[in-house]
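The following paragraphs lead through a protein model element by element. Please keep the sequence and the coordinates open while reading.

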Amino acid sequence: MTVSRADVCAVACADLFRDDGEILASPMGVLPSLGARLARLTFAPELLLSDGEATLLDADGVAEGWLPYRAVFDVVAHGRRHVVMGANQLDRHGNQNISCIGPHARPTRQLLGFRGAPGNTVNHRTSYWVPRHSPRVFVSEVDVVSGVGYDRSAGPYHDLHRVVTNLAVLDFGGPWRTMRLVSAHPGVAVDDVVEETGFPLEVNGVSVTRTPTDAELELLRSLDPSGRRAAEVRS
Ligand code: F8G
């Protein structure tokens, strides 16, 4: 079976949830959502998936629990959650900005606002999904901190796990918990990832991101028959 870049990104997103146990997955965007459902159907059967409103669903879309909006805050505070957020800007320490571009007092672009980002990052595991890896997103300094990075004291539950992009998988295993390249996707050169990143990347021991198994590819096709993943990530 042919494997697209979007398929590789989907399994990289699924792998974010490996060994998480019985926690609530909160994936933002098409690829993280596909990843969470793929994980649930394969190696993470205990993962809890929400419909984004008030119902917990199994991988076939059958209701298996009730989680109204107010109860999400209890789960956030308790920490049994792994959110995969987007990022307009992300720096090497993992500070994320989804709030605004330019000076906070007079932004040139108003974006989503801080949303749940500060509370998420100080309470439980957080990963990021970036569909267009570029120096515009990977900046030396974010304009405003929405999600908190490792250079700020954020308490014992601060756990920035990984960043998955259309080019690579990164984590925070560099010096002083800075961003490190873990793997480049098949067909992507390490130099390209470095060039598309607006700060120095730790690049020791980089591997190639794994490709999906045939079983995973079949599941991906049944979860996303119209190919929405290819619209978010071009091959
Ligand atoms: C830029 C840049 C940049 C964008 N530099 N310019 C310009 C320069 C660009 C465009 C314009 C728009 C717990 C929880 C919550 C809750 C609760 C519960 C959360 C508290 C629920 C509800 C709530 C947060 C979840 C996400 C975000 C997911 C994305 C985005 C995107 C694209 C980031 C990929 N760097 N960037 N511009 N939310 N979304 O030239 O100009 O700005 O650009 O967890 O909410 O409240 O809290 O961003 O921007 O994770 O990831 O979609 O905003 O669409 O269109 O690119 O072209 O218009 O002139 P975007 P984009 P122009 S957790």
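Which residues in α1 meet α6? In this predicted model, D7, A10 and V11 of α1 meet E216, L217, L220 and R221 of α6. Helix α6 spans residues 214-223, and its axis lies 11 Å from that of α1 at an angle of about 100°. Angles of 65 to 115 degrees count as roughly perpendicular, and α1 is therefore roughly perpendicular to α6. By residue class, the contact of α1 with α6 comprises 4 nonpolar and 3 charged residues, with no polar ones.

Two packed helices are described by the angle between their axes and the distance between the axes. For α1 (residues 5-15) and α2 (residues 30-41), the axes come within 7 Å and cross at roughly 60°. The two helices are therefore oblique to each other, and their crossing is right-handed. On the α1 side the contact is made by A6, C9, A10, V11, C13 and A14, while α2 contributes L31, P32, G35, L38 and A39. These residues divide into 10 nonpolar and 1 polar, with no charged residue.

α1 lies across β10 (125-130), β11 (159-165) and β12 (168-171), and it runs at about 170° to β11.

The sheet itself may be considered next. Strands of a sheet pair through backbone hydrogen bonds, either parallel or antiparallel. Here 10 strands form an open sheet with mixed pairing, in the order β4-β3-β2-β1-β5-β10-β11-β12-β13-β14. β4 and β14 (207-208) are the edge strands, each pairing on one side only.

Within this order, β1 has β2 on one side and β5 on the other. With β2 (residues 48-50), β1 pairs in the parallel sense over 2 bridges, and A25 stands opposite L49 of β2. The pairing of β1 with β5 (residues 81-85) is parallel as well and comprises 4 bridges; here S26 stands opposite V83 of β5.

L57 stands opposite A63 in β4. The two strands form a hairpin with 5 residues between them, and G61 in the turn has a positive phi of about 85°.

Most residues other than glycine have a negative phi. D19 is not a glycine, yet it has a positive phi of about 65°. D19 is located in the loop between α1 and β1, and its relative accessibility of 76% means that it counts as exposed. R177 is likewise not a glycine and has a positive phi, of about 55°. This residue belongs to the loop between β12 and β13 (180-184). Its relative accessible area is 45%, so R177 is partly exposed.

The loop between α1 and β1 (24-27) also contains R18. With 35% relative accessibility, R18 counts as partly exposed. Leaving aside neighbours within four places in sequence, R18 is in contact with F43 and R210. The C-alpha atoms of R18 and L47 are separated by 9.6 Å, although these residues are 29 residues apart along the chain.

Is S99 buried or exposed? Its relative accessible area is 1%, and because buried means under 20%, S99 is buried. S99 lies in the loop between β7 (96-97) and β8 (100-101). Not counting residues up to four places away in sequence, S99 touches Q110, L111, L112, G113 and F114, together with V144 and S146.

Notes:
Residues are numbered from 1 along each chain as its sequence is written. This is a predicted model: local features need pLDDT of at least 70, side-chain atom pairs count only at pLDDT 80 or more; totals for chains, interfaces and linings use all residues. Side-chain values use heavy atoms; hydrogens and water are left out. Axes are lines fitted to C-alpha atoms, for helices over the stretch in contact, and angles run from 0 to 180 degrees between N-to-C directions. Angles under 35 degrees count as roughly parallel, over 145 as roughly antiparallel, 65 to 115 as roughly perpendicular and the rest as oblique. A crossing is left-handed if the near helix is turned anticlockwise from the far one by less than a right angle, and right-handed if clockwise. Contact means heavy atoms within 4.5 Å. Ala, Val, Leu, Ile, Met, Phe, Trp, Tyr, Cys and Pro count as nonpolar, Asp, Glu, Lys and Arg as charged, and the others, Gly among them, as polar. Two strands pair if DSSP finds at least two bridges between them. Buried means under 20% relative accessible area, exposed over 50%, partly exposed in between (1.4 Å probe, protein chains only).
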